Amino acid sequence: MAKIVTAYFSASGVTAKAAKILADASNADIYEIRSAVPYTKADLDWMNKNSRSSVEMNDLSSRPAISDSVEPIHMADYDTVFLCFPIWWYREPSIIDTFLESYDFSGKKIVLFATSGGSGFGKTAQRLQKIAPSATITEGRMLNGRIDVSSLKAWMAQQ
């Protein structure tokens, strides 16, 4: 049986709640991708082109640091990674790129899960595949609103 970890980044707590439901539903371990410098409400103001998140999203080479207060994950222990994050500007936050560049995902299956206020995955899977070319990356589901655990379990059973 495949060993699964739900790795997630959450700036405001919304994605953290969804990731915990996903981890419970899939009997997966859970790992938080925590920014070295936590995001403030002002950092997340997408209406301000000078906010931290806006600046990061406009610079595709941006790689926010991951906190060293979180013990590194032992990626070799897992076959499948459920990667959970908010969608910002139709893509993953740049810290997800940092995470993917920090580990060897050779032969791993990475399934993307996201939360969003309105936008979908866009070309996120294709972009992340270029960052982790030795992994198989697929779109999972959007985890917005109230999550129906039974339907999530049924979906996972078909994967």
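Arginine 127 is partly exposed in this predicted model, with a relative accessible area of 25%.

Side chains of opposite charge can pair when their charged atoms come close. Glutamate 92 also forms a salt bridge with arginine 91, again with 3.3 Å between the closest N and O atoms. Both glutamate 92 and arginine 91 are buried. These residues belong to a network of salt bridges that links Arg63, Arg91, Glu92, Asp97, Glu101 and Arg127.

The structure holds nine salt bridges. One of them joins the side chains of arginine 34 and glutamate 32, at 3.1 Å from N to O. Arginine 34 has a relative accessible area of 36% and is therefore partly exposed. Glutamate 32, at 24%, also counts as partly exposed.

Next comes a residue in another loop. Phenylalanine 105 lies between helix 3 (94-102) and strand 4 (109-115). Is phenylalanine 105 buried or exposed? Its relative accessible area is 2%, so phenylalanine 105 is buried, the limit being under 20%. Beyond its neighbours within four places in sequence, phenylalanine 105 is in contact with Met75, Val81, Phe99, Leu100, Ile110, Ser134 and Ala135. From C-alpha to C-alpha, phenylalanine 105 is 9.5 Å from threonine 80, and the two are 25 residues apart in sequence.

Terms used. Residues numbered from 1 in each chain as written. Predicted model: local features only at pLDDT ≥ 70, side-chain atom pairs only at ≥ 80, totals over all residues. Heavy atoms only, no water. Helix = DSSP H or I, 4+ residues; strand = E, 2+ residues; numbered from the N terminus. Buried < 20%, exposed > 50% of the residue type's maximum accessible area, 1.4 Å probe, protein only. Contact = heavy atoms within 4.5 Å. Salt bridge = Lys/Arg side-chain N within 4 Å of Asp/Glu carboxyl O.
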